[in-house]
Amino acid sequence: MQISSEKVVAIHYTLKDNTGQTLDSSEGKQPLYYLHGFGNLIPGMEEGLEGKQTGDAFQVTIAPEKGYGLRNEDYVQQVPVDAFGGTIPQVGMQFQAGNDEGRYIVTVAAVDGDLVTVDANHPLAGVELHFSVEVIEVREATADEIAHGHVHGPGGAH
Ligand code: ZN
(Lines give C-alpha, C1' and ligand atoms only; values in the text may rest on other atoms or scores of the structure.)
Protein backbone atom coordinates (compact mmCIF):
# COMPACT_ATOMS: atom_id res chain seq x y z
CA MET A 1 0.00 0.00 0.00
CA GLN A 2 1.37 3.38 -1.01
CA ILE A 3 1.45 6.37 1.30
CA SER A 4 -1.14 8.99 0.44
CA SER A 5 -3.65 11.16 2.28
CA GLU A 6 -5.76 9.34 4.90
CA LYS A 7 -3.22 6.53 5.41
CA VAL A 8 -1.79 5.71 8.83
CA VAL A 9 1.98 5.34 8.53
CA ALA A 10 4.62 4.02 10.92
CA ILE A 11 8.24 5.04 10.32
CA HIS A 12 11.62 4.75 11.92
CA TYR A 13 13.78 7.80 11.41
CA THR A 14 17.11 9.33 12.29
CA LEU A 15 17.63 13.09 12.02
CA LYS A 16 21.06 14.62 11.51
CA ASP A 17 22.22 18.18 10.95
CA ASN A 18 24.71 19.45 8.35
CA THR A 19 27.66 18.32 10.45
CA GLY A 20 26.40 14.73 10.66
CA GLN A 21 25.50 15.00 14.33
CA THR A 22 22.40 12.98 15.28
CA LEU A 23 19.70 15.28 16.68
CA ASP A 24 16.88 12.78 17.11
CA SER A 25 16.13 9.16 16.33
CA SER A 26 13.40 6.59 16.84
CA GLU A 27 16.00 3.79 16.90
CA GLY A 28 15.46 1.48 19.85
CA LYS A 29 12.02 2.98 20.47
CA GLN A 30 8.54 2.43 19.09
CA PRO A 31 8.20 3.64 15.49
CA LEU A 32 6.52 7.00 14.93
CA TYR A 33 2.87 6.60 13.87
CA TYR A 34 1.15 9.48 12.10
CA LEU A 35 -1.84 10.21 9.87
CA HIS A 36 -0.58 11.29 6.43
CA GLY A 37 -1.92 14.43 4.78
CA PHE A 38 -3.07 16.23 7.93
CA GLY A 39 -0.02 18.35 8.67
CA ASN A 40 1.07 16.12 11.55
CA LEU A 41 4.66 16.03 10.27
CA ILE A 42 6.71 18.88 8.84
CA PRO A 43 5.81 19.50 5.16
CA GLY A 44 9.15 18.30 3.75
CA MET A 45 8.80 14.98 5.54
CA GLU A 46 5.27 14.32 4.28
CA GLU A 47 6.40 15.21 0.73
CA GLY A 48 9.29 12.76 1.02
CA LEU A 49 6.99 9.99 2.23
CA GLU A 50 4.25 10.49 -0.37
CA GLY A 51 4.03 7.39 -2.61
CA LYS A 52 6.46 5.29 -0.54
CA GLN A 53 5.44 1.86 0.79
CA THR A 54 6.24 -0.62 3.56
CA GLY A 55 9.90 -1.59 3.55
CA ASP A 56 11.09 1.48 1.62
CA ALA A 57 14.18 3.11 3.11
CA PHE A 58 15.35 6.49 1.88
CA GLN A 59 17.07 9.73 2.78
CA VAL A 60 15.57 13.19 2.49
CA THR A 61 17.14 16.61 2.98
CA ILE A 62 14.69 19.27 4.09
CA ALA A 63 15.27 23.02 3.89
CA PRO A 64 14.15 25.10 6.90
CA GLU A 65 11.21 26.51 4.90
CA LYS A 66 9.76 22.97 4.70
CA GLY A 67 11.01 22.02 8.15
CA TYR A 68 10.74 24.09 11.32
CA GLY A 69 10.79 27.44 9.55
CA LEU A 70 13.34 30.21 9.35
CA ARG A 71 14.68 31.91 12.43
CA ASN A 72 12.84 35.08 13.47
CA GLU A 73 15.12 37.47 15.34
CA ASP A 74 12.02 39.18 16.80
CA TYR A 75 11.68 36.05 18.95
CA VAL A 76 14.98 36.88 20.66
CA GLN A 77 14.43 39.11 23.68
CA GLN A 78 16.26 40.37 26.72
CA VAL A 79 14.56 39.95 30.05
CA PRO A 80 15.69 40.80 33.59
CA VAL A 81 17.12 37.94 35.61
CA ASP A 82 14.34 38.58 38.20
CA ALA A 83 11.85 37.13 35.68
CA PHE A 84 13.24 33.66 36.44
CA GLY A 85 11.87 33.63 39.98
CA GLY A 86 15.10 32.78 41.78
CA THR A 87 16.40 30.23 39.28
CA ILE A 88 19.85 31.17 38.02
CA PRO A 89 19.50 30.96 34.22
CA GLN A 90 22.37 29.40 32.31
CA VAL A 91 23.00 29.24 28.59
CA GLY A 92 21.13 26.32 27.03
CA MET A 93 18.49 26.04 29.77
CA GLN A 94 14.92 25.81 28.50
CA PHE A 95 11.87 27.31 30.16
CA GLN A 96 8.19 27.21 29.39
CA ALA A 97 6.73 30.64 28.75
CA GLY A 98 3.22 31.65 27.84
CA ASN A 99 0.98 34.35 26.48
CA ASP A 100 -2.62 34.62 25.25
CA GLU A 101 -1.80 32.54 22.16
CA GLY A 102 -0.47 29.54 24.03
CA ARG A 103 2.59 28.14 25.67
CA TYR A 104 6.02 27.83 24.12
CA ILE A 105 9.60 26.95 25.01
CA VAL A 106 12.30 29.57 25.30
CA THR A 107 16.00 28.78 25.39
CA VAL A 108 18.53 30.89 27.30
CA ALA A 109 20.95 32.18 24.64
CA ALA A 110 23.13 34.46 26.79
CA VAL A 111 23.47 35.76 30.33
CA ASP A 112 25.04 39.17 30.83
CA GLY A 113 24.85 40.33 34.43
CA ASP A 114 21.19 41.03 35.23
CA LEU A 115 20.14 40.73 31.59
CA VAL A 116 19.20 37.37 30.12
CA THR A 117 18.79 36.83 26.37
CA VAL A 118 16.07 34.28 25.60
CA ASP A 119 15.25 32.79 22.20
CA ALA A 120 11.71 31.57 21.48
CA ASN A 121 12.58 30.18 18.04
CA HIS A 122 12.09 26.42 17.64
CA PRO A 123 15.52 24.86 18.33
CA LEU A 124 15.49 23.49 14.76
CA ALA A 125 14.39 26.76 13.08
CA GLY A 126 16.85 27.68 10.34
CA VAL A 127 18.40 24.21 10.38
CA GLU A 128 18.70 22.05 7.27
CA LEU A 129 17.43 18.59 8.24
CA HIS A 130 18.87 15.29 6.99
CA PHE A 131 16.51 12.39 7.64
CA SER A 132 17.06 8.67 7.11
CA VAL A 133 13.62 7.07 7.01
CA GLU A 134 12.30 3.51 6.89
CA VAL A 135 8.63 2.80 6.30
CA ILE A 136 7.47 0.13 8.78
CA GLU A 137 3.73 -0.01 8.14
CA VAL A 138 1.05 1.60 5.98
CA ARG A 139 -2.68 1.06 6.53
CA GLU A 140 -5.99 2.76 5.80
CA ALA A 141 -7.08 5.23 8.47
CA THR A 142 -10.42 4.63 10.16
CA ALA A 143 -13.28 7.13 9.87
CA ASP A 144 -12.67 8.15 13.50
CA GLU A 145 -8.98 8.80 12.85
CA ILE A 146 -9.79 10.95 9.83
CA ALA A 147 -12.41 12.88 11.84
CA HIS A 148 -9.92 13.49 14.67
CA GLY A 149 -6.93 14.14 12.40
CA HIS A 150 -4.66 11.74 14.29
CA VAL A 151 -3.86 8.07 14.83
CA HIS A 152 -5.72 5.85 17.30
CA GLY A 153 -4.52 2.51 18.68
CA PRO A 154 -0.83 1.51 18.93
CA GLY A 155 1.37 4.60 18.79
CA GLY A 156 -1.71 6.82 18.65
CA ALA A 157 -3.36 9.52 20.71
CA HIS A 158 -5.86 7.52 22.80
ZN1 ZN B 1 -8.80 10.87 18.50
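**Figure 1. The second largest pocket of the predicted model holds about 180 Å³ of space.** Its lining is made up of Ile 11, Tyr 13, Leu 15, Asp 24, Leu 32, Asn 40, Leu 41, Ile 42, Met 45, Tyr 68, Leu 124 and Phe 131. Strand β1 supplies the largest share of this lining, 3 residues. By residue class, the lining of the second largest pocket comprises 10 nonpolar, 1 polar and 1 charged.

Figure 2. A polar contact of 3.0 Å joins the side chain of Thr 14 to the side chain of Ser 25. Leaving aside residues up to four places away in sequence, Thr 14 touches Thr 22, Asp 24, Ser 25, Glu 27, His 130, Phe 131 and Ser 132. Among these contacts of Thr 14, Asp 24 and Phe 131 also line the second largest pocket.

**Figure 3. The largest pocket has a volume of about 210 Å³.** It is lined by 13 residues, of which Gln 77, Ala 97, Tyr 104, Val 106 and Val 118 are the closest to the pocket centre. Elements β5 (76–80), β6 (94–99) and β7 (102–112) each give two or more residues to this lining. The largest share, 3 residues, comes from β6. The lining of the largest pocket divides into 10 nonpolar, 2 polar and 1 charged.

**Figure 4. Domain assignment of the protein chain.** Domain 1 covers 7–68 + 125–156, and domain 2 covers 73–119. Between the C-alpha centres of domain 1 and domain 2 the distance is 31 Å.

Notes: Residues are numbered from 1 along each chain as its sequence is written. This is a predicted model: local features need pLDDT of at least 70, side-chain atom pairs count only at pLDDT 80 or more; totals for chains, interfaces and linings use all residues. Side-chain values use heavy atoms; hydrogens and water are left out. A polar contact is a pair of N or O atoms within 3.5 Å; within protein, one must be able to donate a hydrogen and the other to accept it, and residues adjacent in sequence count only if both atoms are side-chain atoms. Contact means heavy atoms within 4.5 Å. Domain bounds come from an automatic or database domain assignment. On a 1 Å grid over the protein atoms alone, a cavity is a set of points where a 1.4 Å probe fits but cannot get out, and a pocket is an open set with protein on both sides within 12 Å along at least five of seven lines; lining residues have an atom within 4 Å of a point. Grid points are joined across faces, edges and corners, and a volume is the space filled by probe spheres set on the points. Helices (H or I, at least four residues) and strands (E, at least two) are DSSP runs, numbered from the N terminus. Ala, Val, Leu, Ile, Met, Phe, Trp, Tyr, Cys and Pro count as nonpolar, Asp, Glu, Lys and Arg as charged, and the others, Gly among them, as polar.
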